[in-house]
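Visitor: I would like to learn how to read charged pairs in a protein model. Could you take me through them step by step?

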Amino acid sequence: MGDAKKIIHIYIQNCQIMFEGIKIKFLAFVLIFACIICPVLHAEQSFYSFPATDAKGSWQIGKVGNKDVILTQKADEKGYITINVPKDGYYQLYISLYHSWRKYCPFLYIDAVESKGKHYSNYIFSEPRWYLEAGKGRWEFRSPSAFPFWDLHEGELKIEFWLVSKNSPWVLRRASVEGEVAIGKFVLIPIEKNKMTQENPNFNEI
């Protein structure tokens, strides 16, 4: 009878040791998981991208190569898009623009209203591609919101945009629209308030 009690006692001790080991391993796993995952979850996104094909208005949905885009070849044709500002702060807006003009400059005018009614207006332009083979275009990112950056509240940012053709960046007379202009996406980049600077984004990742 005494031997049976010893065996049971040893068995219980072994079980306790085994469960203690399992508990320690589980706690270690939870700690490692927290160290790896939590910083990822709390890290602020470096950019927020919105496809231009979500836009409404008169611009047409089409393709440039394998990219889905919106297109126009008419001056003053309006487009509208609403993008979400994730939280209050300073931001820079970038627009992915494409054209193959060789003589004139496409100007894209921007009129934006944020969720608290603050209003921003500006434009971007792109130089003619005289150095490329006729009909060949090029993508680029341009920003209407640098220096000063836009101070936006959390919520909807409503953007209206339209095309104007001009002779050059210096001769701002209106010119005929030379061809299609395409927009691929709108990108919102948070600005660090303390530094009021924006690290150059890796546009290959956007």
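Visitor: Which side chain meets that of Lys 78 in a salt bridge?

Guide: The general idea is that side chains of opposite charge can pair when their charged atoms come close. In this predicted model, the partner of Lys 78 is Glu 160, with 2.8 Å from N to O. The two belong to distant parts of the chain, since Lys 78 sits in the loop between β4 and β5 while Glu 160 is in strand β11, 82 residues apart.

Visitor: Is Glu 160 buried or exposed?

Guide: Glu 160 has a relative accessibility of 19%, so it counts as buried, because the cut-off for buried is under 20%. Lys 78, at 30%, counts as partly exposed.

Visitor: How many salt bridges does the structure hold?

Guide: There are eight salt bridges, and one of them joins Arg 174 to Asp 76, whose closest N and O atoms are 3.0 Å apart. Arg 174 lies in the loop between β11 (155–166) and β12 (181–191), and Asp 76 in the loop between β4 (67–72) and β5 (79–85), so this pair ties together parts that are 98 residues apart in sequence. Arg 174 counts as exposed at 51% relative accessibility, whereas Asp 76 is partly exposed at 38%.

How values were computed. Residues numbered from 1 in each chain as written. Predicted model: local features only at pLDDT ≥ 70, side-chain atom pairs only at ≥ 80, totals over all residues. Heavy atoms only, no water. Salt bridge = Lys/Arg side-chain N within 4 Å of Asp/Glu carboxyl O. Helix = DSSP H or I, 4+ residues; strand = E, 2+ residues; numbered from the N terminus. Buried < 20%, exposed > 50% of the residue type's maximum accessible area, 1.4 Å probe, protein only.
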